[in-house]
Amino acid sequence: MTNKKRTGIIAGALIGLSAMLAPQGYAADGPIRIAYIEPLSGAFANVGDAGLKHFRFAAEKINEAGGVLGRKFEIVPMDNKQSASESVQLVQRAADEDIPFITQGNGSNVAGALVEAVDRNNRRNSDHKIVYLNYAAVDPALTNERCSFYHFRFDANSEIKLEVITNYMATQKDIKKVFLINQDYSHGQFISKTAKTMLKEKRPDVEIVGDVLHPIGQVRDFAPYVARIQQSGADSVITGNWGNDLSLLVRAADSAGLDVKFYTYYGGGLGTPAVVGDRGEGKLLQITEWQSNAKVNQEHPDYEQWMNEFKQRYPDIDWYYHRVYNEMYMLKAAIEKAGSTDADAVAKALEGMTFDSITGKVTMRAADHQLIQPMYISVMDSNVVHDVDNSGFGFTTLAQIPADQATAPTTCEMKRP
Amino acid sequence: MLETIVFSLINGLLYGMLLFMMSSGLTLIFGMMGVLNFAHASFYMLGAYFAYTVGQVTGFWIALCLAPVLVGMVGAVVERYGLRRVHQFGHVPELLFTFGLAYVVDELVSLFWGTVPVPYKMPDVLNFTLFNLYNFDYSAFKIFILGVSVVMFVCLYILLKKTRAGLVIQASLSRPDMVSALGHNVPRVFMLVFAIGCALAGLGGVVGGIQFVTEPGMAVTMGPIVFVVVVLGGLGSVPGALIASIIIGVLQTLALSVDLSLASIFSGIEVSRDNFFSTVWYMESIRLAPVLPFLLLVLTLIFRPRGLMGKREA
């Protein structure tokens, strides 16, 4: 009898305790939470961690300036271990905790799964709808055949980036032979396929001398690949590689004395410049929506200060994702316009929104929710104001492409609620 | 064609010798102690980070000698206060112990050095092109790696086969009671072996960290391939590990250097692209190359479980 009584007391205490620990209902005046779904452990943890710092910093800036509708932004980190299935579960968790916004960017496979999970959730769970803000996943399908009303992309998609790169290459008359080397998954396969057609169209005289796909994140020794590039006689290489796949490639190329220009998506990406070092000077080009030595910064001393403050707080990394700035401020504007955090209302407000960013006017295209923004092609250089990764090297702008030229058509047939 | 073959042989050899540096310690520990050390790649990573940190104060050359010693000391502590206690419960707890240890080391490394890669660079003395072959530069550092690994192999071989200490080590594994009765401190011998194995991994890290990237993920990415080398070479056999490393290095480089697919070999037979198996038929060797080592691993375990030069089944 006493035993049962004791069990009862313990059970009661546990219930009471769990009630205390349970999340307090986030009332209309509580913080506006954004679930940040990225790898925070494992091989890609550095990328996820850097992104989190960007979001927290931007949120803090907005909060300091008075927040949104009198409320504050709060970033809720969730570790997806770079796995699509884990991410889908985290969408469920976000919905359970009544978090109205999620943001993610690393890996288009994860992004694809998230789009589906968010759509499914919003169909079935109309009390807890979610808006998905994508700041980095560049697979064009996400704003074409797989587009969704609740998905918004703040980075230029792969097709736009390639369009800009090939337009630029078309003006470079010394390019004769191009080699394509990419990671063997949807992202790299798309680049390999599209770069060929675009180059053929714009520069029929340019010869594609090689097209190689390698497994993502598994190649340690790029020397054999570099030997192939060498033998092909290429003068330019296009690669969508990121992280170590890019660093190791450029390193191996330099060590072999390969004299080619690398046209990359992520050459200035987190961690890569430090590893590449002086080997990339004048050789490593990148295409981005902004870069820390862009001229526009001079017209925006407050943004310059923003960057410096970020650097002071996180000396290991640099302010890299300008799109996080765009995303956070556009979300703020959309919530203010909608007057609430209701997913449908915010998504409607974001659709077609124009925003005066540091780089100029940017537009969230209503047809497919792709942000149309100016783009930059820049090259690694030692003679710069802001270096990256404390490497002593930064990037110098080679070309600035206005927003109306940095675009690509869409086939999206948006289903609106 | 000759060009391709020469490239593959040289690049494959260079890569293979680096693989050997990483895997020799593992095979030594397994061969002598019977411990399958899952944390081996973590010691490799520690070597790179120690060398980077020490090198900032002392320069590369002292770090090259000091870092492996430090890693060896960490290994000795792990053996003395961790593995030795777990050892009495059998092999499975040992395995689980090293498995957990790998995660702990990974986390500690990102805690102390951060998750971003560190700028660990080669010394200026070695930062030049040694020779040029068909327009392909070979840096002095690559040849230096080759030299270090050869010296390492020779020293290890002599230590195990020609010295008294080597005899005691080998005897401790097969007849620990007898060795103990002869007055040798068997647990200390085990500690020494584990420390040497870890130090070898550390040495691999010192040069591998420069050749590749020094970041917290480097252990995870290096882990699997090291096991392939050890299994193919035969668990416990240092010469086997050497041969296996070179085979894997050359094979992989060769597959990357030539365009071969079943379709190009049997060019007479037409297979429709719509066919379900056409993926296999048109699969180019360059896309197959990175899986080749693991294919070898599976085949070895099926057809020759003791590996090339191993004395017992894996």
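In this predicted model, seven strands of chain A form an open sheet in the order β7-β6-β8-β9-β10-β14-β15, and their pairing is mixed. A further open sheet of chain A has five strands in the order β2-β1-β3-β4-β5, with parallel pairing. Strands of a sheet pair through backbone hydrogen bonds, in either the parallel or the antiparallel sense.

- From one strand to the next, the twist averages 20 degrees.
- Strand β10 (residues 284-288) and strand β14 (residues 375-381) of chain A run antiparallel and are joined by four bridges.
- A:Ile287 has A:Ile377 as its bridge partner in β14(A).

- Strand β3 (residues 101-104) of chain A runs parallel to β4(A), and four bridges join the two.
- Within β4(A), A:Leu133 is the bridge partner of A:Thr103.
- Helix α2(A) lies across β1 (32-38), β2 and β3 of chain A and runs at about 165 degrees to β2(A).
- Helix α3 (residues 84-96) of chain A also lies across β1, β2 and β3 of chain A, running at about 170 degrees to β1(A).

**Helix α12 of chain A**

- Which residues of helix α12 (residues 343-350) of chain A are buried? They are A:Ala343, A:Val346, A:Ala347, A:Ala349 and A:Leu350.
- Viewed down the axis of α12(A), the buried residues fall within an arc of 160 degrees, so they line one face of the helix.
- An α-helix has 3.6 residues a turn, so residues three or four places apart point the same way.
- The cover over the buried residues of α12(A) includes α4 (108-124), β4 (131-134), β5 (151-153), α11 (322-338) and β12 (360-364) of chain A.
- After α12(A) comes A:Gly352, which has a positive phi near 75 degrees.

**Nonpolar cores**

- The largest nonpolar core has 145 residues, and those with the most contacts inside it are A:Val226, B:Ile29, B:Met45, B:Val71, B:Val193, B:Phe194 and B:Val229.
- Helix α8 (residues 186-211) of chain B gives the largest share of this core, 16 residues.
- Leaving aside neighbours within four places in sequence, A:Val226 is in contact with A:Ala252, A:Ala253, A:Ala256 and A:Leu258.
- Another core, of 58 residues, lies apart from the largest one; among its residues are A:Leu90, A:Val131, A:Tyr132 and A:Leu331.

**The contact between chains A and B**

- How many residues does each chain bring to the contact? Chain A brings 35 residues and chain B brings 28 residues.
- On the side of chain A that touches chain B, the elements giving two or more residues are α2 (45-64), β7 (207-214), α7 (223-232), α8 (244-255) and α9 (272-276) of chain A.
- The largest share of that side, seven residues, comes from α7(A).
- By kind, the residues on the side of chain A that touches chain B are 16 nonpolar, 13 polar and six charged.

**A hairpin in chain B**

- Strand β1 (residues 129-133) of chain B is hardly covered, as the count of buried residues among its five residues is zero.
- Four bridges pair β1(B) with strand β2 (residues 136-139) of chain B in the antiparallel sense.
- Opposite B:Leu133 stands B:Phe136 of β2(B).
- Two residues lie between the strands of this hairpin, and B:Tyr134 takes a positive phi near 45 degrees.

**Loop residues with positive phi**

- Most residues other than glycine have a negative phi.
- A:Lys81, in the loop between β2 and α3 of chain A, has a positive phi near 50 degrees.
- A:Lys81 has 16 C-beta neighbours inside 10 Å and therefore counts as partly exposed.
- A:Asp98, in the loop between α3 and β3 of chain A, has a positive phi near 65 degrees.
- A:Asp98 counts as partly exposed because 15 C-beta neighbours lie inside 10 Å.

Definitions and conventions: Residues are numbered from 1 along each chain as its sequence is written. Chains are lettered from A and ligands numbered from 1 in the order in which they are written. This is a predicted model: local features need pLDDT of at least 70, side-chain atom pairs count only at pLDDT 80 or more; totals for chains, interfaces and linings use all residues. Two residues are in contact if their C-beta atoms, placed from the backbone, lie within 7 Å. Ala, Val, Leu, Ile, Met, Phe, Trp, Tyr, Cys and Pro count as nonpolar, Asp, Glu, Lys and Arg as charged, and the others, Gly among them, as polar. A residue is buried if 20 or more other C-beta atoms lie within 10 Å of its own, exposed if 12 or fewer, and partly exposed in between; C-beta atoms are placed from the backbone. The arc is that of the directions from the helix axis to the C-beta atoms. Two strands pair if DSSP finds at least two bridges between them. Axes are lines fitted to C-alpha atoms, for helices over the stretch in contact, and angles run from 0 to 180 degrees between N-to-C directions. A nonpolar core is a set of buried Ala, Val, Leu, Ile, Met, Phe, Trp, Tyr and Cys residues joined through C-beta atoms within 7 Å.
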